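I opened this notebook to keep a record of what I looked up, entry by entry, in a structure that was new to me.

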Amino acid sequence: MTVVSESVRQAQAAAVARRIFATLSTKWALTVIEAIGTGERRFAELHRSVDGISYKMLTQTLRGLEADGIVARYDHHSANPRVDYSLTAAGVDLLTTVHELCGWSRTHLDSLLAAHPTADPR
């Protein structure tokens, strides 16, 4: 068993965090994570629930989230192609964190709006 020093572990954590933040900062990632929620969703179901996303962008977004360990893909290998997507344990925890961030913004809404009064409310 290899022992990893604390400084190496911190560097690994920082690199992973940067990679995850880059994925989450894309236009569709958080919307797709929210659409998957805590259940299983088929590709077509996700496409219908994410307004405005193309098939290509949904595929790219799901692949990125899968590569980062946020989304799990399950291929049923049946005669009729069927693939389900769900959040991993890390993805569910991330969704909870995003919901908490939304709660934080509601809690501090007045001061956040006052700090940036020209922000578009849409």
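Entry on the model. I noted before anything else that this is a predicted model.

Entry on the core. I looked up the largest nonpolar core and found that it has 21 residues, and that Val32, Ile33, Ile36, Leu62, Ile70 and Val71 are those with the most contacts inside it. At least two residues of this core come from each of α1 (6-24), α2 (29-36), α4 (55-67), β3 (83-87) and α5 (89-107), and α2 gives the most, with five residues. I kept a general remark beside this, that in soluble globular proteins nonpolar side chains tend to be buried together.

Entry on Leu62. I then asked which residues Leu62 is in contact with, leaving aside its neighbours within four places in sequence. I found Val32, Ile36, Phe43, Leu46, Val71 and Tyr85.

Entry on the sheet. I traced an open sheet of three strands, in the order β1-β3-β2, with antiparallel pairing. The edge strands are β1 (41-42) and β2 (71-75), each of which pairs on one side only. Between β1 and β3 I found two bridges in the antiparallel sense, and I wrote down that Arg42 has Asp84, in β3, as its bridge partner.

Entry on the surface. I looked up a nonpolar patch that is formed by Leu101, Trp104 and Leu112, which together have about 300 Å² of accessible area.

Conventions. Residues numbered from 1 in each chain as written. Predicted model: local features only at pLDDT ≥ 70, side-chain atom pairs only at ≥ 80, totals over all residues. Heavy atoms only, no water. Core = buried A, V, L, I, M, F, W, Y, C linked by side-chain atoms within 4.5 Å. Buried < 20%, exposed > 50% of the residue type's maximum accessible area, 1.4 Å probe, protein only. Helix = DSSP H or I, 4+ residues; strand = E, 2+ residues; numbered from the N terminus. Contact = heavy atoms within 4.5 Å. Patch = residues over 30% accessible without salt bridge, like charges linked within 9 Å, V, L, I, M, F, W, Y side chains within 5 Å. Areas by Shrake-Rupley, 256 points an atom, 1.4 Å probe, with all protein chains shown as cover. Salt bridge = Lys/Arg side-chain N within 4 Å of Asp/Glu carboxyl O. Pairing = 2+ DSSP bridges.
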